Amino acid sequence: MEDQCAHFNNIDQLKERPTHLLVFMQHVILQFDPAPLLCYLHAELFKNLSAKETKKQFVEFYNTFLDKGAILRVVLPANVAYELDRTRPDLLHEDTQKRYVQEVQSLQAAEVAKQLEDFRQKRMMGMTPNEAELIDVENHYPTDRVPMEMKEKSVAENLLDKIKKVTRSESARVDRHSSRRRGSSRAKQSRSRSDVDLQPPSTSTTTPTPPSPQLEEMEPRFLEFEHDPPNWRELAPPEALSSLSKKETKRQEVINELFATEHAHVRMLSVLQMIFSKPLEREGLLASPELAAIFPNLDEIIEMHYNFYENLKKLRLDDNFIVKSISTTVLNRFGGTEGEWFQKLTARFCSHQSWALDQIKSRQKKEPRFNSFILEAESKPQCRRLQLKDIIPIEMQRLTKYPLLLENIAKSTENSTEKDRIQQSAECCRKILNHVNEEVKVMENLLTLKDYQRRLDTSGLKPSNELYTEYKNIDLTQKKMLYEGSVTWRVTKEKAIEVQCVLLGDLLVLLQRQDDKMVLKCQSKSNIAVQEGKQMLSPIIKLDSVFLREVATDRKAFYVIFTWDSGAQIYELVAQSIGERKIWTDVIKSAVDDLKKSGAPMRLTLPPGSGGPPFSPSTYVSLCVCVCVCVCIYTFVERARHIHRLPKFTHLKISHFFCHFLSVRLTAPLSPTENGGLKSSGETAALYVLNT
C-alpha cells in the first residue's frame, strides 16, 4: 500500500496520472475546501499559454479565485492583493498576469501538500474513494492493444463524470448562499464534509470570523468542539514518539483518527441540536411532537457519543497521548446492554431520516418563514457549508465508520487478547449497523407503500374478476414490502406494459403509472374476452399458489404461473437486465418458501365443478398414458441430441411441449377467449403432474 501511495507523494507526480489525480480531487471535494487545489491546477495551464490566451484566461482566473466575491476565493500574497485592488485585471500586462498566477499558485502549494498527506494516511486505512479504480489502473499490464495511457483515459473519464456531479451540486449550493456569506473567511477555512474530517483550520493572515450568536446558546461543554483537536504527534513526548515501531505508530494514527472523528461527530450533532432543533421549537416553527419525529432521541444520542468521546479523551490523557489499551472502552460502548441501548436509539433516529428529509423539504416549499429560517441557519459558520439535508444522515454515516476503524486498530495491535477484544467490538458494530440498515429499509419500504396507497386507483379491477371482492379495498400499508422495481408485463407479443412490480409478503402486485396515479388494472389478450366478460389477467398475484419458469427465448424474462379457483394463468414479466431477472426470481422464490414455512396452503387449485377427485378414472388413465408417451418422446429427443450434438432442451421447452401435447390429447385447443389462462382441465392437469 505504501508503494501505491508513492503516486501521491507530491502534486507534480500526481499531475502525470489522470486517474490518481481525479481520485485525489474527489477526496478533497468531499473532505476540504477544494479552492486551493483547483486554483493550483488551473494555474498550471498558464505555463503553456500564448500572450493572447493569457489575457483571456487571466480574467476568468481572477473571477474564479482572486476576486473578493469569488466563490472559490483563495488566500492571496499581500503584494498581489494590493495590486489587484488598484488595477483592473484585464489591464495588466500578460507577463505580470503570469507572474501573479505563479505567486498565487506557490501560496497554495502548502495547503495542497497537507491534503496529499491526509489522503495518504486515509488510503492506508482504506478510507479513500474509488479504491477499486485505482487498483484497476495500478495493476494494469500495458500492451500494444491497451497501453497504460488508454487505460488511464478510460477510467479517468468515468471518474470525471462522478466529480462533475458533486461539483455542480456544491457550486449551486454555495452560490445560493454566497450573498449572505461574503465578508466571512469561509474560503480560507478547511471544512468537514463528513465525520472523518481531520484537517486542521488553515492558517492565514485574514481577519477571523466574528463569533456567532449561537455560540452563546451552546452548552459550555460543547464549546471545545468548535476547534479541531491537535494531532497526537504534537502532544506526545518526543522521546516516546521516536521509540515507537512502525506498526505501533500506525496503530496510534488510527486511534487518533477514531478520537478526532468522534470529536467531529459530536460537534455536528450539537449543531443539529443548537442551530436547528431548539431554535425551531423556540421560534414556534415546529411543535415538540413534530421535532420528536424529525429528530427522534437526539438528546440521548448526543449524550452517548459525548460520553464515548470523553472516555477516549481520558484514555489519551492517562497514557500521555500514546494509548496502550483501548479494547475495554470500545467494548463497553458497543457490546452488552450499552450496545443494545445504542442500537435501539440509533435505529430509531436513522430509520426516520428519509421521512424527516421529506417533511423538511415539503415545509420549505409551503412555508416561506420556515424556508427562510433553514436557509439562514445553514449559512452559519458552525454548519461548515453543510445543509440540513447533509447533516441529518451523519449518524448513519458514523455507524458505517466504526467497524472499519476498529478493524484497522486490531490489524496493528500486537497483544492477542487486546486484538481479540477489539475485533469483538468491531463485530458488535457490524451487528448494530446491520440492524439499523434493516430498520431503515423497513421504514423506507413503509413510506413507499404509503405513497403508493395514497395514489392507488382500483377502478381498473373488473367486478367479474374473482379477486375483485377480496382486493377492491386493498390497503398496501398493512403488508410488508420485500422488493420493488420496474418490469415489462408482456401480455402478448404485440402488447407490453411498463409496470411497477411490488413484491409483498403474500402478493405480487403489478401497478401501472398513469399521471400521478398507481393503477391496478386487469389485462386481456384479446378484445373478445373483454366483450364476453370472461376471465382476465389480474394485476394481483397470490404467492400461495405460484411457481416460476424461465423463458427460453429471452434471458431477461420469466414466467409467473399462478393458479386459483378459476384455473391457472401465466404471466410473462421482463426485467431490465439478466441480473435483475435473477434478483426477481430469487426474491419471489424466497417469499414463496417463507409462506410454505409459515404453513400457508401451497396448492395447484383445480377448476370449479370438477368435484371430488382431481380427475375422472378415464381421464386419469388417459393422462398417465399421455405422460408415458411424452417421457418416451423426451428420451428419444435426448438420445438424438447426444448423437447429433444438438442444443440442449431447457426445462421450460420440455414443460411447454408436455403441456401442449397433453392439452391437445385431453381437450380441444385453447381458444383466444381464455386470455392466457390454463383454464382447461387437460393443461391444468399437465401442470399438476409436471410440478408436483
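Predicted model: local features only at pLDDT ≥ 70, side-chain atom pairs only at ≥ 80, totals over all residues.
I take helices (H or I, at least four residues) and strands (E, at least two) as DSSP runs, numbered from the N terminus. Residues are numbered from 1 along each chain as its sequence is written, and side-chain values use heavy atoms, with hydrogens and water left out.

**C501**

I started with C501, which sits in strand β3, residues 496-504. Buried or exposed, I asked of C501? I call a residue buried under 20% relative accessible area, exposed over 50% and partly exposed in between (1.4 Å probe, protein chains only). C501 is buried, at 1% relative accessible area.

Next I looked up what C501 touches, leaving out residues up to four places away in sequence. I count a contact when heavy atoms lie within 4.5 Å. The list holds Y483, E484, G485, V487, L508, V509, L510 and W584. W584 is 83 residues from C501 along the chain, and their C-alpha atoms are separated by 9.7 Å.

**Other cysteines**

How many disulfides does the whole structure hold? The search found zero. The cut-off was a pair of cysteine sulfur atoms within 2.5 Å. I also checked C39, which is buried with a relative accessible area of 0%. C383 likewise counts as buried, at 0%.

Two packed helices are described by the angle between their axes and the distance between the axes. I fitted axes as lines to C-alpha atoms, for helices over the stretch in contact, with angles from 0 to 180 degrees between N-to-C directions.

I took α12 (residues 246-282) against α18 (residues 368-378). Their axes come within 10 Å and cross at roughly 150 degrees. That makes α12 roughly antiparallel to α18. For these words I use under 35 degrees as roughly parallel, over 145 as roughly antiparallel, 65 to 115 as roughly perpendicular and the rest as oblique. The crossing of α12 and α18 is right-handed. By that I mean that the near helix is turned clockwise from the far one by less than a right angle; anticlockwise is left-handed. On the α12 side I noted I275, F276, P279 and L280. They meet F370, F373, I374, A377 and E378 in α18.

Then I took α12 against α20 (residues 394-411). The axes are 9 Å apart, at an angle of about 165 degrees. α12 and α20 are therefore roughly antiparallel to each other. Their crossing is left-handed. The α12 residues that meet α20 include K247, R251, V254, L258 and H265. Among the α20 residues that meet α12 are I394, R398, Y402, L405 and I409.

**Positive phi**

Which residues other than glycine have a positive phi, I asked, and N297 came up with about 60 degrees. N297 lies in the loop between α13 (288-294) and α14 (298-318). R384 has a phi near 50 degrees, and it is not a glycine either. R384 belongs to the loop between α18 and α19 (388-391). R384 is buried, with a relative accessible area of 15%.

**Whole chain**

The protein chain has 27 helices and nine strands. Of its 692 residues, 48% count as buried. Among its contacts with a separation of 6 or more, 70% join residues 24 or more positions apart.
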